[in-house]
Structures are given as C-alpha cells and as structure tokens.
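Subject: Structure handover

Hello,

Here is the structure for your files. My notes on it follow below.

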Amino acid sequence: MAENQVQSEKKMTSLNVSSETRDAIKDISTSLGLSQADTVARLVDGYHPNATPGVKAALDASAVLDEAVERVKCIIVGAAEAAAMEARAAREDADAAKKSATEQIQSIKSNCVEQVAAIKEKFELDTASLEIENDELHATVADYLSQLKKLDSENNQLLAESAAKDDRIESMRGAVDAAAKAQADLNVSLLAQRDLMAEVAALKDRLAASEQRAAVAEAKVEVMTQARGE
C-alpha cells in the first residue's frame with residue numbers, strides 16, 4: 001500500500017502543478033480516504049495519473065487540476081465559513097437559550113424566594129395567631145377551672161347546709177313527735193277535764209237541787225213552827 005502511494009506520488013510529479021496544489025490534493029486525499037491518484041481522477045474527469053498520458057494530456061490535466069483544486073479549496077473555504085457561520089449561529093442560539101434559561105431560572109428562583117417568604121410570613125402569622133388562641137384558651141381554661149373550683153366550694157357549702165337542714169329536720173321531726181305526743185296528752189287531759197267539768201256541773205246541779213230541797217224543807221219547818229206557836 002505504501003509502495004503504491006509512493007508510485008502515485010512519483011507519477012503526480014509528471015503533472016505540471018504547483019507544490020501548493022499537490023499539498024491540497026494530499027490533504028483532500030487524506031480527508032476522503034483515497035489515494036492521490038484516485039483523488040486526481042475524481043477532480044479531472046477522464047484523466048488518471050496511473051495511466052500513461054501524453055504530454056498534452058498531462059498539461060491539460062494539470063491546468064484542469066489546478067482549477068479543480070482551486071474550486072475545491074473555495075468549496076472547502078466556503079464550507080468552513082458556512083460551518084463557522086452555522087457554529088456561530090448555533091453558539092448565538094445556545095447563548096440566547098442559555099440566557100433565556102438563566103433568566104427563567106432566575107425568575108423561578110425569585111418566585112420561589114417570594115413564595116417561600118410569603119409561606120414563611122404566613123406560617124409566622126399563623127403561628128402567632130395560634131399562640132394567641134392558645135393563650136386565650138389557657139386563660140379560658142384557667143377561668144373555667146377557677147369557676148369550677150368556686151362552684152365546687154359552693155356545692156360543698158350547699159351540701160353542708162343541706163346536711164345541717166337535714167339535722168334540723170330530724171331535730172324538728174323529734175320536736176314535732178314530742179309536740180304530737182304532748183298534744184295527745186293534752187287532748188287526753190282536755191277530755192278528762194271535760195269529763196270532770198261535766199261531773200262538777202252535775203254536782204252543781206245536784207247541789208242546787210239539794211239546796212232547793214233544803215230551802216223548801218226549811219220553809220216547811222218554819223211554817224210548821226209558826227203553826228205550832230199559834
């Protein structure tokens with residue numbers, strides 16, 4: 001392969017081309033992966049350095065090859081410029097996209113910071129409100145406990161008063177029973193007194209009747225006495 005390459009390079013010297021053209025053909029061959037002879041055959045239609053051309057054909061091929069190399073160089077330069085322009089445009093697009101993405105990220109970060117700040121502020125406000133409500137609830141519970149303690153004390157007092165009233169009721173019940181017994185005894189005494197008074201009234205009646213009879217008897221005796229004296 002190396003020997004064929006050397007022979008192709010020797011045959012290339014038969015062409016009346018500049019060293020710049022030969023260097024360009026070498027570079028093009030390397031890029032295309034072809035031998036320099038095949039590259040020249042492609043650039044100059046109908047001419048191949050491996051063939052044995054005449055002097056005129058070699059001269060004509062040299063001129064055509066110089067033009068072809070210039071065209072290729074122009075194409076390569078144009079392609080390089082186009083590639084550079086595309087690369088520059090792509091780089092500009094990438095920079096613009098990067099800038100847009102950076103701005104979007106910055107905006108998102110800013111929004112996130114604002115949302116976090118708002119959430120933090122709301123959390124702090126809610127926490128403060130909950131603490132206030134908790135304090136109020138504690139105060140209310142303490143008030144309820146105080147009232148409950150007061151009610152418990154009042155209830156104990158009422159229970160004590162109720163027990164005292166129960167004792168008084170029991171005591172009064174005993175007094176009532178004693179009064180009832182005394183009333184019963186009094187009723188018995190009143191009945192006995194009534195019977196006694198009835199007996200006294202009867203005795204008085206009998207005494208009056210006796211006195212009346214005695215007066216009659218005395219009158220009779222006086223009359224009899226007077227009658228005897230006459």
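Which residues form a negative surface patch? The patch consists of Glu131, Glu133, Asp135 and Glu136. Please bear in mind that the model is predicted. Glu133 sits in helix α4 and is partly exposed, its relative accessible area being 41%.

Leu148 belongs to helix α4, which covers residues 55–229. Leu148 counts as exposed because its relative accessible area, 53%, is over the 50% cut-off.

On salt bridges, the structure has two:

- Lys122 with Asp126, with an N to O distance of 2.9 Å. Both residues are in helix α4, four residues apart, or about one turn of the helix. Lys122 is exposed at 52% relative accessibility, while Asp126 is partly exposed at 34%.
- Glu170 with Arg173, where the closest N and O atoms are 3.1 Å apart. This pair also lies in helix α4, with a spacing of three residues, about one turn of the helix. Glu170 is partly exposed at a relative accessible area of 47%, and Arg173 is partly exposed at 45% relative accessibility.

As for annotation, the unreviewed UniProt entry places the feature "coiled-coil region" at residues 80–161 and 193–227. In the model, residues 193–227 are 100% helix and 0% strand, and the C-alpha atoms at the two ends are 49 Å apart.

Regards

Note on methods
Residues are numbered from 1 along each chain as its sequence is written. This is a predicted model: local features need pLDDT of at least 70, side-chain atom pairs count only at pLDDT 80 or more; totals for chains, interfaces and linings use all residues. Side-chain values use heavy atoms; hydrogens and water are left out. UniProt positions are given in the numbering used here, feature names are shortened, and annotations may be inferred rather than shown by experiment. Buried means under 20% relative accessible area, exposed over 50%, partly exposed in between (1.4 Å probe, protein chains only). Patches are made of residues with over 30% relative accessible area and no salt bridge: like charges are joined within 9 Å, nonpolar side chains (Val, Leu, Ile, Met, Phe, Trp, Tyr) within 5 Å. Accessible areas come from the Shrake-Rupley method with a 1.4 Å probe; for residues, only the protein chains shown count as cover. A salt bridge is a side-chain nitrogen of Lys or Arg within 4 Å of a carboxyl oxygen of Asp or Glu. Lys and Arg count as positive and Asp and Glu as negative; His and the chain ends are not counted. The place of a charge is taken as NZ of Lys, CZ of Arg, CG of Asp or CD of Glu.
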